[in-house]
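Morning, everyone. Let me put the model on the screen and walk you through it.

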Amino acid sequence: MLLEVSNVSVWYDKAMLINNVSMGVDQGELVSLVGPNGAGKSTLLRTITGLVAWEKELKKRSTHGEIKLEGQITFDGERIDKVPAHEIVRRGLILAPERRRPFKEMTVIDNLMVGAYLIRDKANIEENLEKVYQLFPVLKERSHQVSGTLSGGEQQMLAVGRALMSRPTVLLLDEPSLGLAPRVIAAIFGVLDELRHEGLSILLVEQDAAVALRHADRGYVMRTGRVVRAGTAGELLADDGVREIYLGPRHGSEG
Ligand SMILES: Nc1ncnc2c1ncn2[C@@H]1O[C@H](COP(=O)(O)OP(=O)(O)OP(=O)(O)O)[C@@H](O)[C@H]1O
Ligand SMILES: [Mg+2]
């Protein structure tokens, strides 16, 4: 596996937020991680990208409770569970976090340039920008608009675009569809389909399991900190237990 999480557990004080999770993403796969509120999905993404470890370091010097991390995470064959968050970014694991909002006072293009801060070569930056504009033409149309005036959907596109500006090896997305209209969600998933076909490795967290699994190669279902189901997207979509418990009654009768 390109990205492999092995027997990872995370505690905040006495609360075990991640309970012995093993999962992974292979080169070129789109893997969906689904599950209800509070399952630990965001915490797992934050663990992979070094943010929980970073928080742990910060909290050493505060009155906050203790954070404990166990297990092993490897990326491209090397352990990253002790590697600082900024170095994980440099290696190409890029997270577009939940409820991501751009810097509101900055223009669209300036926000995109923030995403390219690690790239030195100007030609590469131009190439990445053209790619993002091709995927999200509305960002090109609005490139000189102040980001705070974008619609919610456009801001989410900007968040994904900004992550893509650094040419990630693995793109990690935390609920890109949150609070958006169906038409906008369809547009974002259209882009994810395209990226997947181009061979980008993607780890997608979503509460809407039906949508997330329809666009995925494989999936994991999390609940109260554990992985409770794993399989191909087709297997999970056809699994009665997954359908009833996690997809909700409104998806229960769909084929
Ligand atoms: N910094 C924190 N300190 C203490 N508990 C936390 C912290 N962050 C998250 N939690 C708790 O950990 C659990 C998992 O939270 P997490 O945000 O990872 O879930 P999630 O699956 O992403 O949920 P959602 O779908 O609502 O985004 C929740 O019970 C949450 O209250
Ligand atoms: Mg979350």
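Ile94 stands opposite Leu171 in strand β7. Strands β6 and β7 (residues 170-174) run parallel, joined by 4 bridges.

Some ground rules. This is a predicted model, where local features need pLDDT of at least 70 and side-chain atom pairs count only at pLDDT 80 or more, while totals for chains, interfaces and linings use all residues. Residues are numbered from 1 along each chain as its sequence is written, chains are lettered from A and ligands numbered from 1 in the order in which they are written, and side-chain values use heavy atoms, with hydrogens and water left out.

Back to that sheet. It is open, has 6 strands and mixed pairing, and its order is β6-β7-β8-β3-β9-β10. Which strands stand at the edges? β6 and β10 (226-232) do; each has a single partner strand, so one side of each is left without a neighbour in the sheet. From one strand to the next, the twist averages 15°. Helix α8 packs on this sheet and touches β3 (30-34), β7 and β8 (201-206). Its direction makes about 150° with that of β8. Contact here means heavy atoms within 4.5 Å. Axes are lines fitted to C-alpha atoms, for helices over the stretch in contact, and angles run from 0 to 180 degrees between N-to-C directions.

Next, a residue in β8: Ser201. Buried or exposed? Ser201 is buried, at a relative accessible area of 0%. The cut-offs: buried is under 20% relative accessible area, exposed is over 50%, partly exposed is in between, with a 1.4 Å probe and protein chains only. Beyond its neighbours within four places in sequence, Ser201 contacts several residues, including Leu2, Val25, Asp26 and Thr169.

Glu175 sits in the loop between β7 and α8. Its phi is positive, about 50°, although it is not a glycine. Most residues other than glycine have a negative phi. Glu175 counts as buried, at 4% relative accessibility.

Now a helix pair. The axes of α5 (residues 122-135) and α8 (residues 182-197) come within 10 Å and cross at roughly 130°. That makes α5 oblique to α8. The classes are under 35 degrees for roughly parallel, over 145 for roughly antiparallel, 65 to 115 for roughly perpendicular, and oblique for the rest. α5 brings Lys131, Gln134 and Leu135 to the contact; α8 brings Val191, Glu194 and Leu195.

On to the other sheet. β2-β1-β4-β5 is the order of this open sheet of 4 strands, with antiparallel pairing. β2 (15-25) and β5 (78-79) stand at the edges. β4 (residues 67-75) and β5 pair over 2 bridges in the antiparallel sense, and Thr74 stands opposite Arg79 in β5. Two helices cover the next point. α1 lies across β1 (3-12), β2 and β4, at about 115° to β1. α2 (residues 51-59) packs on the sheet too, touching β1 and β4, and its direction makes about 145° with that of β4. In the loop between β1 and β2 we find Asp13. Asp13 also has a positive phi, about 55°, and is not a glycine.

Stay with α1. It is mostly covered, with 7 of its 8 residues buried. Among them are Lys41, Thr43 and Leu44. Just after α1, Gly50 takes a positive phi of about 85°.

Ser42 is in α1 (residues 41-48), whereas Glu98 is in the loop between β6 (93-96) and α4 (108-115), 56 residues apart. Ser42 counts as buried at 19% relative accessibility. Glu98 is partly exposed, at 29%.

Terms used: Pairing = 2+ DSSP bridges.
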